Amino acid sequence: MKVARFHAPGDIRVEDAPEPVAGPGELLIRVRNCSTCGTDAKILKFGHHHIRPPRVMGHEIAGEVVTGTGAFEPGDRVQVIAAIPCGECGECRRGRMTVCPNQESMGYHYDGGFAEYMVVPAKVLAVDGVNRIPAGVGFAEASVAEPLACVLNGQELARVGPGDDVVVIGSGPIGCLHVRLARARGARRVILADLNPDRLEMAAVLVNPDAALHGDDVTEAVLKLTEGRGADVVITAAASGVAQEQALGMVARQGRISFFGGLPKDNPIIRLDSNLVHYRELTIVGANGSSPAHNKQALELIATGAVPVADLITHRLPLTDVLEGIDIVMRGEAIKVTVEP
Ligand SMILES: [Zn+2]
Ligand SMILES: [Zn+2]
């Protein structure tokens with residue numbers, strides 16, 4: 001079968017590999033869609049300390065069961081989690097699976113979905129990490145449940161809810177999902193901002209924010225749009241320290257800020273006026289992936305139409321074009337790119 005394997009930074013190869021075989025307690029699936037995101041671009045550029053090469057990449061996975069186990073039978077349509085909590089540590093036992101210190105990931109510790117066939121490890125099944133795809137949801141849409149699950153985790157932590165004015169900085173696929181989910185959670189107004197006017201325009205046409213802002217005066221524009229209050233929630237969906245610093249200046253009193261996107265690991269320090277946090281009673285939260293339960297809820301949000309994702313998938317490519325797909329992501333020309341092995 002064909003796979004896309006990471007060998008070293010800058011060296012991802014589409015090559016032949018033997019079809020994997022499921023061991024006891026494992027599933028073998030025929031991958032139908034594995035979508036790409038900024039994480040794949042980051043791995044291509046810099047590698048990742050958890051990846052021991054050669055490793056089949058791909059972590060936004062949907063497919064069909066070939067060899068079943070437990071309740072799963074051949075032909076079942078399934079979506080697979082990306083981040084695998086251990087299920088046993090103190091955090092997992094407290095229900096905080098997104099911050100499990102023993103977390104492993106598909107496409108990092110285990111071969112991922114840029115392949116015709118993939119084994120789902122027993123550890124994934126043990127934490128209920130395989131979800132049946134609801135009727136009416138396609139494989140490509142189901143593959144977007146994983147990033148949507150991460151977005152859901154972020155908005156739960158930032159307590160996005162009815163009546164909130166929400167600013168999303170960054171109009172890539174994650175930013176688009178944030179806009180749609182915020183609306184589904186009852187946000188009053190959702191404002192989308194990006195430095196790149198072309199990408200912002202492409203995203204705004206799809207997700208129709210109440211305002212689309214670019215340029216240097218985003219803070220001023222947000223304050224104006226919110227009658228000087230600022231936004232109840234500001235979400236930075238970009239790997240930008242500047243965006244994180246800006247967020248402090250446009251958030252309302254008692255507002256919440258989600259540092260959803262991480263910063264480059266060689267440049268993670270920002271300047272922050274701690275007195276703004278103190279006097280205005282601000283909450284700053286992070287976000288690290290998603291739990292198996294978030295993945296289930298994300299599939300439901302897609303299935304019920306609360307958060308449509310089909311129209312966010314702008315590119316469908318065969319596995320042989322996976323590098324082109326990652327390149328399109330890096331150039332910011334797509335919303336969501338999915339690979340169909
Ligand atoms: Zn991803
Ligand atoms: Zn754990």
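The side chains of R180 and D311 meet in a salt bridge, at 2.8 Å from N to O. A salt bridge is taken as a side-chain nitrogen of Lys or Arg within 4 Å of a carboxyl oxygen of Asp or Glu. The model is predicted: local features need pLDDT of at least 70, side-chain atom pairs count only at pLDDT 80 or more, and totals for chains, interfaces and linings use all residues. Residues are numbered from 1 along each chain as its sequence is written, chains are lettered from A and ligands numbered from 1 in the order in which they are written, and side-chain values use heavy atoms, with hydrogens and water left out.

The domain assignment gives domain 1 (2-132 + 309-339) and domain 2 (151-286); the bounds come from an automatic or database assignment. Nine residues of domain 1 and 11 residues of domain 2 take part in the contact, where contact means heavy atoms within 4.5 Å. The C-alpha centres of the two domains lie 28 Å apart. Domain 1 and domain 2 bury about 900 Å² between them, 66% of it on carbon and sulfur atoms. Buried area is the accessible area (1.4 Å probe) that two parts lose on being put together, summed over both. Of the area that domain 1 buries against domain 2, D311, L312 and I335 supply 55%, more than any other three residues. Across this interface the rule finds 1 salt bridge.

The whole structure holds 22 salt bridges. One of them joins E64 and R32, with the closest N and O atoms 3.1 Å apart. This pair links distant parts of the chain: E64 sits in strand β5 (residues 60-67) and R32 in strand β3 (residues 27-36), 32 residues apart. Helices (H or I, at least four residues) and strands (E, at least two) are DSSP runs, numbered from the N terminus. E64 is partly exposed, at 24% relative accessible area. R32 is also partly exposed, at 32%. The classes are buried (under 20% relative accessible area), exposed (over 50%) and partly exposed (in between), for a 1.4 Å probe and protein chains only.

K296 pairs with D128 in a salt bridge, the closest N and O atoms being 3.4 Å apart. K296 lies in helix α11 (residues 292-303) and D128 in the loop between α3 (122-126) and β10 (130-132), so the bridge ties together parts that are 168 residues apart in sequence. K296 counts as partly exposed at 32% relative accessibility. D128 counts as partly exposed at 43%.

D164 and R256 form a further salt bridge (2.8 Å, N to O). D164 belongs to the loop between α5 (145-157) and β11 (165-169) and R256 to strand β15 (residues 251-258), so parts 92 residues apart in sequence are tied together. Both D164 and R256 are buried. A network of salt bridges links D165, R188, R189 and E227.

Donors are N, O and S atoms within 2.8 Å of the metal (3.2 Å for Na, K and Ca); water is not among the atoms, so sites may look incomplete. The zinc ion (ligand 1) is coordinated by C37 (SG), H59 (NE2) and E60 (OE), at 2.1 to 2.2 Å. The donor residues are spaced C-x21-H-E in sequence. C37 lies in the loop between β3 and α1 (38-46) and H59 in the loop between β4 (55-56) and β5, so the pair ties together parts 22 residues apart in sequence. Both C37 and H59 are buried.

The zinc ion (ligand 2) is coordinated by C86 (SG), C89 (SG), C92 (SG) and C100 (SG), at 2.3 to 2.4 Å. Along the chain, these donors follow the spacing C-x2-C-x2-C-x7-C. The 4 donor atoms subtend angles of 103 to 116°, which makes the arrangement tetrahedral. Four donors count as tetrahedral if all angles lie between 85 and 135 degrees. Both C89 and C92 are buried.

N288 lies in the loop between β16 (283-285) and α11. N288 counts as partly exposed, at 41% relative accessibility. Beyond neighbours within four places in sequence, N288 is in contact with T98, Q103 and N153. The C-alpha atoms of N288 and M97, 191 residues apart along the chain, are separated by 9.8 Å.

T236 is found in strand β14 (residues 231-236). T236 is buried, with a relative accessible area of 0%. Not counting residues up to four places away in sequence, T236 touches I169, A243, Q244, A247, S258, F259, F260 and G261.

Key:
Four donors count as tetrahedral if all angles lie between 85 and 135 degrees; four count as square planar and six as octahedral if opposite donors are over 155 degrees apart and all others between 65 and 115; anything else is irregular.
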